[in-house]
Amino acid sequence: MSFLNVGHKINIDIGNYCNLSCPNCMRSSISKSYNVENNNFQNHPYLNKSNITLENIQNWVPKKFLNERVKYVDFCGALAEPTLSPHCIDLVKYFSPHVEVISMSTNGDTRNVVWWKELAKVADNLVVRFYLDSFKPGNSLYRQSNSSRIIEHIEAFTSFGGKAILCNLVFKHNQDEIQDFKDFAKKLNCNYRMMVAREFTTNESTSYEVDYSGKKYLLEKNTLIPSNVPYRVSLNSTNPSEYCSLVHENMIRIFSNGLVMPCCHIEGQLFETYENFFIDENDTAPNLTRHPQFIKDFVSKIEMQGGIKTISLKYNSLEEIFNSNFYKTYLPLSWKLKSNEICQNCINGSRLDIKDENEYNNPLIVDIPKAG
Ligand SMILES: C[S@@+](CC[C@H](N)C(=O)[O-])C[C@H]1O[C@@H](n2cnc3c(N)ncnc32)[C@H](O)[C@@H]1O
Ligand code: SF4
Ligand code: SF4
């Protein structure tokens with residue numbers, strides 16, 4: 001089985017910097033566990049170190065590959081803020097002519113109005129998703145960001161013709177603001193999407209404690225909007241080739257160090273297993289003391305074909321990676337044999353956002369749809 005197709009969606013982290021530390025972001029969780037084991041590190045040592053350059057991208061995702069196989073590119077990723085990359089605009093310019101839509105997900109709390117106005121003019125097919133937690137001062141309990149600055153940046157971007165989607169993760173602390181979000185989106189003629197935070201998509205927990213600059217508080221699940229169920233459940237399927245994002249969404253997921261990950265659901269475990277490799281790129285040995293199920297379902301297969309470098313764009317092309325045994329044979333075979341428990345219980349979600357027939361949806365703005 002080959003995952004290499006046409007009409008792919010590339011989801012990429014273009015660097016590993018961020019100015020925020022949202023409590024359930026992978027950068028916060030990996031930093032937290034690293035601190036517990038190593039003391040005194042604010043951030044994980046992998047973080048805030050590197051950005052993908054234009055030259056990297058020209059080699060990793062050549063124009064020919066884009067033209068033949070890619071429909072959408074999304075600067076979203078797992079643990080970084082794309083607008084902090086000094087190459088952000090150059091990378092948008094590189095991808096834009098070769099794809100239908102290029103999009104990015106941002107906390108909006110970076111740069112200045114001049115930069116956001118410049119970004120608005122870079123590409124007609126660029127769509128930016130701005131995440132805003134709350135309009136109320138001191139109420140950005142998830143993102144802990146500066147709402148008035150974000151609002152200024154969205155206004156600057158849209159006033160210069162930028163296509164924007166206003167997004168918010170709905171928690172209890174901001175659920176009374178949904179109408180304000182809709183009104184603001186309408187005023188700016190942009191789209192609006194609300195999502196349930198992924199930590200609350202199961203019914204296991206309804207709150208957790210956050211420690212922010214010495215202040216402790218509870219972050220609580222919203223009480224108005226139900227969570228969406230995983231594709232596996234909505235499709236009533238036990239076959240990962242029907243619900244895996246590699247197939248169902250035609251996804252290619254590229255990490256900031258060039259690793260081509262199968263999906264976002266295993267990135268944290270992959271990171272922790274190959275932590276030393278992430279830090280210095282020398283020590284490729286996996287740490288086999290954690291995540292036993294993940295070791296069995298994924299790491300054993302990666303090691304069997306030669307180790308972590310075999311799925312890195314620093315050493316292989318995208319074609320070589322997707323034609324490697326891991327992607328071409330071992331992973332699909334484990335699905336067929338139903339021997340891969342992680343994939344069998346896949347939490348790949350129907351998008352977390354709530355479909356809402358909304359009049360504030362600007363038909364000129366396409367969000368990054370399912371590739372196919
Ligand atoms: C890690 S972020 C990177 C992009 C950018 N820094 C941002 O925050 O939008 C990738 C995506 O995860 C989303 N995200 C962050 N925390 C989340 C949560 N608790 N539940 C669901 N999505 C979340 C972000 O909004 C973004 O769309
Ligand atoms: S802004 Fe994005 S990358 Fe930064 S901590 Fe929050 S979710 Fe993570
Ligand atoms: S957990 Fe497995 S089936 Fe689910 S998206 Fe990831 S690789 Fe695909």
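Visitor: How many residues surround ligand 1, and which are the closest?
Guide: There are 20 around ligand 1, the closest being Asn24, Glu81, Ser105, Ala197 and Arg198. A residue is near a molecule if its C-beta atom, placed from the backbone, lies within 6 Å of it. This is a predicted model: local features need pLDDT of at least 70 and side-chain atom pairs count only at pLDDT 80 or more, while totals for chains, interfaces and linings use all residues. Residues are numbered from 1 along each chain as its sequence is written, and chains are lettered from A and ligands numbered from 1 in the order in which they are written.

Visitor: What's the shell around ligand 1 like by class?
Guide: It has 12 nonpolar, five polar and three charged residues. Ala, Val, Leu, Ile, Met, Phe, Trp, Tyr, Cys and Pro count as nonpolar, Asp, Glu, Lys and Arg as charged, and the others, Gly among them, as polar.

Visitor: And ligand 3, what is the split by class there?
Guide: Nine nonpolar, three polar and no charged residues. Among those surrounding ligand 3 are Cys244, Cys263, Cys343 and Cys346. The elements giving two or more residues to that shell are helix 10 (245-248) and helix 16 (341-344). Helices (H or I, at least four residues) and strands (E, at least two) are DSSP runs, numbered from the N terminus.

Visitor: What is Cys263 in contact with, leaving aside neighbours within four places in sequence?
Guide: Cys244, Ser245, Leu246, Met251, Arg253 and Asn348. Contact is C-beta atoms, placed from the backbone, within 7 Å.

Visitor: Changing topic. Where is the kink in helix 13 centred?
Guide: On Phe298, with a kink of about 40° in helix 13 (residues 292-304). The bend at a residue is the angle between axes fitted to the seven residues ending there and the seven starting there.

Visitor: Which residues of helix 13 are buried, and what do they pack against?
Guide: Asp297, Phe298, Val299 and Ile302 are buried. The buried residues pack against helix 11 (267-273), helix 15 (325-336) and helix 16.

Visitor: What follows helix 13?
Guide: Gly306, with a positive phi near 120°.

Methods:
Buried ≥ 20, exposed ≤ 12 C-beta atoms within 10 Å, placed from the backbone. Contact = placed C-beta atoms within 7 Å.
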